[in-house]
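Here is a short report on a two-chain model. Please keep the structure open while reading.

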Amino acid sequence: MIVTIYATVITLQSLWGWYKMLAGSDRYIGLIRRYMVVHGLRLRFKAFWGDVVICLLLCVVFLIILYAHQIINDIDAKLNNHARPDPRRIV
Amino acid sequence: MAPGSSSTSSPADPPAEQKLLPGAVDAPPREVVAGATPPRQMSDLPKDELEHLAEEFGLDPTRFKTRQQLVSAIHDRRQMIAGMEREAMLDVIRWGRRPVTRNASKEQIAQEIARIRTMKFAGLSQRGLLVLARLRGIVALEADPIPLLVKKLKKQESFFAKMSRKRRSMIASVVANLIGAEESAADYQFLPSPTASGQASSMKQEIEEAGLIGGITNRLKKTADSYVNQKLDEIEARIDRKLDEIDRRLADWRDKEIANRIRILKITLWASVIVGFFSLLYSYVKVYFVK
């Protein structure tokens, strides 16, 4: 959880930094922005679209495993509650 | 080294003292001739230019694994072009309606022929078909009849090339119908030659107008200008090719870089999923069996 939050914050910080830099009105920044857009449009997805699909599927699997963890933790908590004796009954 | 002495001696300076081997004849000193730089060899050309040259001569540079093979293939192709009949080559140019001057060299004509991609051979003479077949890398004999040459040319075309040609043909007919373009039936005409006979009279006029020296100077200037322009065009074409090459390499590098990053991400995700699966297994065992 901590690592996820840390990674998310770092990624968002980086993206925000890039956005702020590329949103500038300077002539050369505009040039870089257009250059990046052109390169983005000229990307040949055929070279790596298979890996992208695998990554998406792995993300789905990862989320399912995370969900399964939560279910098992929930079952564990319920079993613990069920096994613990009620203090009022002992008295 | 002593002060004032030079580390290199000029070849034109006569040696102060000549040391000879015992028994050698004391020959008179010979004149030293300055070495001339040899013209640039084909094998000295950069790889991309060699490939471009090969493509211009109708060769597929990807078929040659080593640089030496490519150079050899270009050399063979040039020799083959030199041995071709000029009129036969002009037959192909007329049939393909390519822009060529009448006095173009055989190599220029061959380069234009190499750009002809059509597979409709109607109207082309036997000798023209022979030239076309040889420039497309087909083994053809002088005595081969037209149907056999056409068959060989059609056989040489790959299935995918044929399919894409059919597709282009279909699109072309649709576009032609939409625009209403009609095929020009006018006779083929060669491009006007830059050294046409009109220039001789212009030199005569120049000498008449500006005198002998002035006329010749003007003529020399024009010749020099045209030479410089031609060289500048060549340099520009080379720079354009280099820029295209840089752009292509940059695009390759970009695609490879992104593919590598995604591969790293995939490996990380696999590791996370495997660790997550073992963690799940451990939790399951802990909850259901250990307790």
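## Chain A

Of the 91 residues of chain A, 1% count as buried. The model is predicted. Chain A has 4 helices and 0 strands. Along the sequence, the pattern reads α-α-α-α.

## Where the chains meet

The contact between the chains involves 21 residues of chain A and 21 residues of chain B. On the chain A side, helix α3 (residues 49–83) gives the most, with 15 residues. By class, that side of chain A has 15 nonpolar, 2 polar and 4 charged residues.

## The largest core, in chain B

The largest nonpolar core holds 18 residues. Which of them touch the most other members? They are Met89(B), Val92(B), Ile109(B), Ile113(B), Val131(B) and Leu132(B). Helices α3, α4 and α5 of chain B each supply at least two residues of this core. α5(B) gives the most, with 6 residues. In general, nonpolar side chains of soluble globular proteins tend to be buried together.

Met89(B) shows how the contacts run. Leaving aside neighbours within four places in sequence, Met89(B) is in contact with Met84(B), Lys106(B), Ile109(B), Ala110(B), Ile113(B) and Val131(B).

## Helix α4 of chain B

Helix α4 of chain B spans residues 106–114. Which of its residues are buried? Ile109(B), Ala110(B), Gln111(B) and Ile113(B) are. What covers these buried residues includes α1 (47–56), α2 (67–82), α3 (86–96) and α5 (126–135) of chain B.

Ile109(B) and Ile113(B) are both among the core residues that touch the most other members. An α-helix has 3.6 residues a turn, so residues three or four places apart point the same way.

## How α4 packs on α5

Two packed helices are described by the angle between their axes and the distance between the axes. For α4(B) and α5(B), the angle is about 80° and the axes are 10 Å apart. Angles of 65 to 115 degrees count as roughly perpendicular, so α4(B) is roughly perpendicular to α5(B).

Which residues meet here? From α4(B) come Ala110(B), Ile113(B) and Ala114(B). From α5(B) come Val131(B), Leu132(B) and Leu135(B). The residues of this contact divide into 6 nonpolar, no polar and no charged.

Key
Residues are numbered from 1 along each chain as its sequence is written. Chains are lettered from A and ligands numbered from 1 in the order in which they are written. This is a predicted model: local features need pLDDT of at least 70, side-chain atom pairs count only at pLDDT 80 or more; totals for chains, interfaces and linings use all residues. A residue is buried if 20 or more other C-beta atoms lie within 10 Å of its own, exposed if 12 or fewer, and partly exposed in between; C-beta atoms are placed from the backbone. Two residues are in contact if their C-beta atoms, placed from the backbone, lie within 7 Å. Ala, Val, Leu, Ile, Met, Phe, Trp, Tyr, Cys and Pro count as nonpolar, Asp, Glu, Lys and Arg as charged, and the others, Gly among them, as polar. A nonpolar core is a set of buried Ala, Val, Leu, Ile, Met, Phe, Trp, Tyr and Cys residues joined through C-beta atoms within 7 Å. Axes are lines fitted to C-alpha atoms, for helices over the stretch in contact, and angles run from 0 to 180 degrees between N-to-C directions. Angles under 35 degrees count as roughly parallel, over 145 as roughly antiparallel, 65 to 115 as roughly perpendicular and the rest as oblique.
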